[in-house]
Amino acid sequence: MTNVCKCRLCGEESLKEFITLGMMPIANAFLKKENIENDEYKFELNVGFCENCKMVQLIDTVDKTMMFNDNYAYFSSVSKTMEDHFKKYSDLLTERFLEDGDLVIEIGCNDGIMLKNFDRGKFNVFGVEPSDNVAEAARNRGLNVITNFFDQKLAEKIVNEKGKAKVIYAANVMCHIEAFHEVVKGVKVLLKDKGVLVFEDPYIIDIIEKNAYDQIYDEHVFYFSLTSLKNFFSQYGMTIFDCERQTTHGGSMRYYVCNDGDYEIKNSVSVAMKNESEKKIYKFPTYENFAENVKKSKKMLVELLNKVKSEGRRITGYAASSKGTIVLNYCGITAKDLEYISDNTPTKIGLYSPGMHIPIVSEKEFHENPPDYAILLAWNYAKEIKEKEKESGVKFIVHIPFARVI
Ligand SMILES: [Zn+2]
């Protein structure tokens, strides 16, 4: 574990802590039965704000090899919503930026959910992915994947072997990378003339407005705003020339970045900057206020669960997500409160949730033995899940912004 006092992006001497969610396991480290008696790795999950560059970031971080290794359990291709989203994203990049023969690189391609959409007859397409098992899933789809972390050294190697890239893109990856400087140094080396870097990650405005404290976990080192990213990229002679809000992952922002002067800056950038300014994302009290709301949300969820339990109702969790790990641990929800957590990821079934050790079962079991209530631990898929489970008769509890039955 590393503890930083300094801002990772601008070097400002001290980060101002505004929230701690307590001692937390690695959010995606689901356990085998034989390991639940062993000591589980935990670290203090606390978040700070940089007064200088305005970047919100974790204070303590976990070594990346502990999170993204050959046991990484998150496969992107389990959701129809995400499949559709990435098809649109790849079509858009193709239409807007690509010409025949161009090199396209995805940083953190996971199982290839997006990469597979590009026309490999026309473009030279490949991914970089540090987790061996998900990279293997991408290769099994016939995709080219380098198993590694992306940095300047790797970028130089790629330039030597394949030339420079027109589009480098990422989705839900950049905010994970503590060594963001190293990634951008690599991007600078690898981008050709009028090349673009496009990436999207959970957006700070959505996190604050939805009170989505469960976006805070070990993998998410940074909580981006346009304001903070503009400050960061200016160090590299780079400009954010367009941005688009996305509904995925509970509300994200997609950023388009180029070398200074390569593209005209779109109106979307000033609109988003104005919105961030109005919402005061550059001020510390905004985050103190968020922390107060998070405490209130916890209190309400615990009260609601106690009430439902006192009525003799059965409760389970729905979706063994990283977000869920945060909610359960922060709110102290144990296997005494939830009978099980159902999920549709085959590799998670039969395992136990990090920290609270609640058994993970298949959706089949959920349907055969439905509870009265289920906490929706993937609230970002609420619409998709409610539709899918409308026949089950189960009532869903959502914990954000404040606990309620939906
Ligand atoms: Zn800073």
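**Terms and values**

Mentor: With 406 residues, a compact globule would have a radius of gyration near 22 Å, and the chain, at 21 Å, agrees with that; the radius is taken over C-alpha atoms, and the globule rule is 2.2 Å times the number of residues to the power 0.38. This is a predicted model, in which local features need pLDDT of at least 70 and side-chain atom pairs count only at pLDDT 80 or more, while totals for chains, interfaces and linings use all residues. Residues are numbered from 1 along each chain as its sequence is written.

Trainee: Why is H4 called roughly parallel to H5?

Mentor: The axes of H4 (residues 152-162) and H5 (residues 180-190) come within 7 Å and cross at roughly 20°, where axes are lines fitted to C-alpha atoms, for helices over the stretch in contact, and angles run from 0 to 180 degrees between N-to-C directions. That makes H4 roughly parallel to H5, because angles under 35 degrees count as roughly parallel, over 145 as roughly antiparallel, 65 to 115 as roughly perpendicular and the rest as oblique.

Trainee: Which residues make the contact of H4 and H5?

Mentor: Among them are Leu154 and Ile158 of H4 and Val189 of H5, with two residues counted in contact if their C-beta atoms, placed from the backbone, lie within 7 Å.

Trainee: What makes E12 and E13 a pair?

Mentor: Strands pair if DSSP finds at least two bridges between them, and E12 (residues 238-246) and E13 (residues 252-259) have eight, in the antiparallel sense. Asp242 stands opposite Tyr256 in E13, and in the hairpin, which has five residues between the strands, His249 takes a positive phi near 50°.

Methods. Helix = DSSP H or I, 4+ residues; strand = E, 2+ residues; numbered from the N terminus.
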